[in-house]
Amino acid sequence: MSPAGSVLSVHDTNLLHDLPTLHTLTLTRSSLPQTDCRPLALISTQTIQHLSSELGHFLAARRFRANFYLDAPAPFAEDRLVGKTIRLGSDAVIRLTERDPRCRFITLNPDSTEPFPELM
């Protein structure tokens, strides 16, 4: 949504025309780790909430560096999607081929890089 309140699809040619007038764009590089080894990662918000509760420690969704956050019926429901194909919107279809073998990367706070090794 633009500051003026208009909603533009990523396929709308007006987006490229209007984008520079809506905001000043700059490319920045963070010194903090922000990426994972997988091109696409999906996790459910219920899994994140469950882990937060189990550990007694708030875990921000950003910590998992996922591309997609699923609203699932139960924690770890995303594990049952492995081997299945899902549609994201009207144009994207992805096949979930394996569980993401998490590394210690998720133990680092995305803002401060402070470790929380108990998450492993």
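Reader: Which elements each supply at least two residues of the lining of the largest pocket?

Author: In this predicted model, the largest pocket has a volume of about 690 Å³. Its lining draws at least two residues from each of three elements, namely β1 (42–44), α2 (45–55) and β4 (92–95).

Reader: By class, how many nonpolar, polar and charged residues does the lining of the largest pocket have?

Author: The lining consists of 27 residues, and Leu-42, Glu-98, Arg-99, Asp-100 and Arg-102 are the ones nearest the centre of the pocket. Divided by class, the lining has 17 nonpolar, 2 polar and 8 charged residues.

Reader: In which sense do strand β3 and β4 pair?

Author: Strand β3 covers residues 85–88, and 3 residues lie between β3 and β4 in a hairpin. Gly-89, in the turn, has a positive phi of about 70 degrees. Leu-88 faces Ala-92 of β4. Over 4 bridges, the two strands pair in a sense that is antiparallel.

Reader: Is Leu-88 buried, partly exposed or exposed?

Author: Leu-88 belongs to strand β3 and touches Phe-68 and Ile-94, leaving out residues up to four places away in sequence. Buried requires under 20% relative accessible area, and exposed requires over 50%. Because its relative accessible area is 24%, Leu-88 is partly exposed.

Reader: Which residues make up the largest nonpolar core?

Author: In soluble globular proteins, nonpolar side chains tend to be buried together. Leu-119, a member of the core, is in contact with Leu-51, Leu-59, Phe-64 and Ile-106, among others. The 10 residues of the core are Ala-41, Ile-43, Ile-48, Leu-51, Leu-59, Phe-64, Ala-66, Ile-106, Phe-116 and Leu-119.

Key: Residues are numbered from 1 along each chain as its sequence is written. This is a predicted model: local features need pLDDT of at least 70, side-chain atom pairs count only at pLDDT 80 or more; totals for chains, interfaces and linings use all residues. Side-chain values use heavy atoms; hydrogens and water are left out. A nonpolar core is a set of buried Ala, Val, Leu, Ile, Met, Phe, Trp, Tyr and Cys residues joined through side-chain atoms within 4.5 Å. Buried means under 20% relative accessible area, exposed over 50%, partly exposed in between (1.4 Å probe, protein chains only). Contact means heavy atoms within 4.5 Å. On a 1 Å grid over the protein atoms alone, a cavity is a set of points where a 1.4 Å probe fits but cannot get out, and a pocket is an open set with protein on both sides within 12 Å along at least five of seven lines; lining residues have an atom within 4 Å of a point. Grid points are joined across faces, edges and corners, and a volume is the space filled by probe spheres set on the points. Ala, Val, Leu, Ile, Met, Phe, Trp, Tyr, Cys and Pro count as nonpolar, Asp, Glu, Lys and Arg as charged, and the others, Gly among them, as polar. Two strands pair if DSSP finds at least two bridges between them.
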